[in-house]
Amino acid sequence: MTATMLDERDVRAAVTMSEAVAAVRQGFTDLAAGAFEMPVRTVLDDGRFLVMPVHHRPTSSAMIKTLSLNFDRAPAIDGTVVWSELHSLDRVVADAGAVTALRTGA
């Protein structure tokens, strides 16, 4: 098993904004087609902690994003995105704040 760790700088270097826009567009297309299993996110401690799982059926991949939100600190969003797929033991663990900012910007 290999775990690839991506900090904020790594996330920004790995994905261009045009790639992010294309991925978000494809994600919405797949969502409309029913390609995702997406349970309601878990909210803990009055919204200070969030857990968001999703399964993408066509790629047999899953992601779990965990966040802590504290607007009295910088950055306010801290957490991880863990991506895995059924047919591989490799994992990607990325900074959730950077992934969230990239997705929101796209």
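Contact means heavy atoms within 4.5 Å. This is a predicted model, in which local features need pLDDT of at least 70, side-chain atom pairs count only at pLDDT 80 or more, and totals for chains, interfaces and linings use all residues. Residues are numbered from 1 along each chain as its sequence is written, and side-chain values use heavy atoms, with hydrogens and water left out.

View 1. Helices (H or I, at least four residues) and strands (E, at least two) are DSSP runs, numbered from the N terminus. Along the sequence, the elements follow the pattern β-α-α-β-β-β-β-β-β-α. The C-alpha trace spans about 40 × 30 × 30 Å along its principal axes. Of the contacts with a separation of 6 or more, 31% are between residues 24 or more positions apart. Buried residues make up 24% of the 106 residues, where buried means under 20% relative accessible area (1.4 Å probe, protein chains only).

**View 2. Strand β6 pairs with β5 and with β7.** Two strands pair if DSSP finds at least two bridges between them. β5 and β6 are antiparallel, with nine bridges, and L67 stands opposite G79 in β6. β6 and β7 are also antiparallel, over five bridges, and form a hairpin with five residues between them. T80 has D95 in β7 as its bridge partner, while V82 has V93 in β7. In a regular strand the side chains alternate between the two faces of the sheet.

**View 3. Strand β1 runs parallel to β7.** β1 covers residues 3-6 and is joined to β7 by four bridges. The bridge partner of L6 in β7 is A94.

**View 4. The largest pocket has a volume of about 1300 Å³.** On a 1 Å grid over the protein atoms alone, a pocket is an open set of points with protein on both sides within 12 Å along at least five of seven lines, and lining residues have an atom within 4 Å of a point. Grid points are joined across faces, edges and corners, and the volume is the space filled by probe spheres set on the points. The pocket is lined by 38 residues, of which F36, V54, M63, V99 and R103 lie nearest its centre. Elements giving two or more residues to this lining include α1 (8-14), α2 (17-32), β4 (49-56) and α3 (96-105). α2 gives the most, with nine residues. The lining has 27 nonpolar, six polar and five charged residues; Ala, Val, Leu, Ile, Met, Phe, Trp, Tyr, Cys and Pro count as nonpolar, Asp, Glu, Lys and Arg as charged, and the others, Gly among them, as polar.

**View 5. H56 lies in strand β4.** H56 is buried, as its relative accessible area is 13%. Leaving aside its neighbours within four places in sequence, H56 is in contact with D30, A35, F36 and S61.

Technical notes: On a 1 Å grid over the protein atoms alone, a cavity is a set of points where a 1.4 Å probe fits but cannot get out, and a pocket is an open set with protein on both sides within 12 Å along at least five of seven lines; lining residues have an atom within 4 Å of a point. Buried means under 20% relative accessible area, exposed over 50%, partly exposed in between (1.4 Å probe, protein chains only).
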